[in-house]
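Here is a walk through one protein model, from its surface terms to its cavities and charged pairs. Keep the structure open as you read.

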Amino acid sequence: MEDDVESRLMVTIKDAARISAAFPLSGVMEAFEELSTFLKSRRRMELRLDTFCEACSLVSVLFGCLGLAFKFAEIEYAAKVHDLMEASKRYATLYNILDLDIANERVKTQGSHTRNLRRVRQGLDLIRAIFEQFLSSDDYSLKDAATTAYTQVCAPYHTWAVRTAVYAGMYTLPSRDQLLLKLNETDQTAGKKMRRYINAATPVIEYIDKLYTSRNISLDW
């Protein structure tokens with residue numbers, strides 16, 4: 001029964017991936033709504049790592065739509081997702097990779113799966129925060145939205161050099177209209193889908209955080 005549920009979830013997310021080729025925001029939104037629904041309705045079931053990675057891989061396209069300013073984030077995020085996807089060939093669930101790194105005392109070691117999962121989680125949260133800021137006002141520019149979101153989500157964990165480079169790059173971000181064009185959305189359709197992503201991504205992010213806190217791993221890194 002559990003395998004059937006997981007199989008259906010993976011099929012649905014792969015369908016979302018096909019949609020994302022023409023409508024990136026739609027694909028990401030639908031994939032994370034499926035993950036969110038699964039986590040809410042199957043509280044005793046663990047989320048498979050390959051299914052999680054399949055959904056997360058779609059988010060790379062959103063970073064790409066933000067242009068050169070977030071190229072570093074796109075590259076780093078994609079590399080971390082790729083590492084976890086490779087790990088999914090050996091480990092079934094998110095639980096498994098954390099427990100492995102805890103046993104080997106390498107939770108925060110550079111390149112560990114647990115550390116990479118933490119960075120992927122930050123990527124999901126960064127997109128959520130950008131959308132949240134973007135929707136806070138019709139006059140809010142993407143530069144303002146991205147700057148505020150980055151300051152909240154990622155800046156506390158980055159070095160001075162990285163923060164300086166990111167803030168300087170904010171001036172190269174596309175305009176609000178240019179972003180909508182890249183997403184193949186109107187202001188109205190994008191707004192609805194961004195809100196749905198925010199609502200769907202939040203429980204996924206909380207699920208990941210709980211994996212850490214339930215093992216007495218802090219979140220301040």
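Buried means under 20% relative accessible area, exposed means over 50%, and partly exposed lies in between. The model is predicted.

Start with a charged pair. Lys 14 forms a salt bridge with Glu 54, and the closest N and O atoms are 3.6 Å apart. This pair links distant parts of the chain. Lys 14 sits in helix H1 (residues 2-20), Glu 54 in helix H3 (residues 49-57), and 40 residues separate them. Lys 14 counts as partly exposed because its relative accessibility is 37%. Glu 54 has a relative accessible area of 16%, so Glu 54 is buried.

Side chains of opposite charge can pair when their charged atoms come close. The whole structure holds 16 salt bridges. Another joins the side chains of Arg 48 and Asp 50, at 3.3 Å from N to O. Arg 48 is partly exposed, with a relative accessible area of 30%.

Now move to helix H7. Arg 121 and Asp 125 both lie there, 4 residues apart, about one turn of the helix. Their side chains meet in a salt bridge of 3.1 Å, N to O. Arg 121 has a relative accessible area of 11%, so Arg 121 is buried. Asp 125 is buried too, at 10%. Salt bridges with shared partners join Arg 118, Arg 121, Asp 125, Arg 128, Glu 132 and Asp 209 into one network.

Next, the annotated region. UniProt, in an unreviewed entry, places the feature "domain: Glycolipid transfer protein" at residues 48-185. Over residues 48-185 the chain is 69% helix and 0% strand. The end C-alpha atoms of this stretch are 31 Å apart.

Helix H5 (71-87) and helix H7 (113-134) each supply at least two lining residues. H5 gives the largest share, 5 residues. By class, the lining of the largest cavity has 7 nonpolar, 3 polar and 3 charged residues.

The second largest cavity has a volume of about 70 Å³. Its lining has 11 nonpolar, no polar and no charged residues. Among them are Leu 62, Ile 127, Phe 131, Leu 179 and Met 194. Helix H4 (59-65), H7 and helix H10 (176-183) each supply at least two residues of this lining. H7 gives the most, with 4 residues.

Methods: Residues numbered from 1 in each chain as written. Predicted model: local features only at pLDDT ≥ 70, side-chain atom pairs only at ≥ 80, totals over all residues. Heavy atoms only, no water. UniProt positions renumbered as here; feature names shortened; annotations may be inferred. Nonpolar A, V, L, I, M, F, W, Y, C, P; charged D, E, K, R; others polar. 1 Å grid on protein atoms, 1.4 Å probe; cavity = no way out; pocket = protein on both sides within 12 Å on 5 of 7 lines; lining within 4 Å. Points joined across faces, edges and corners; volume = space filled by probe spheres on them. Salt bridge = Lys/Arg side-chain N within 4 Å of Asp/Glu carboxyl O. Buried < 20%, exposed > 50% of the residue type's maximum accessible area, 1.4 Å probe, protein only.
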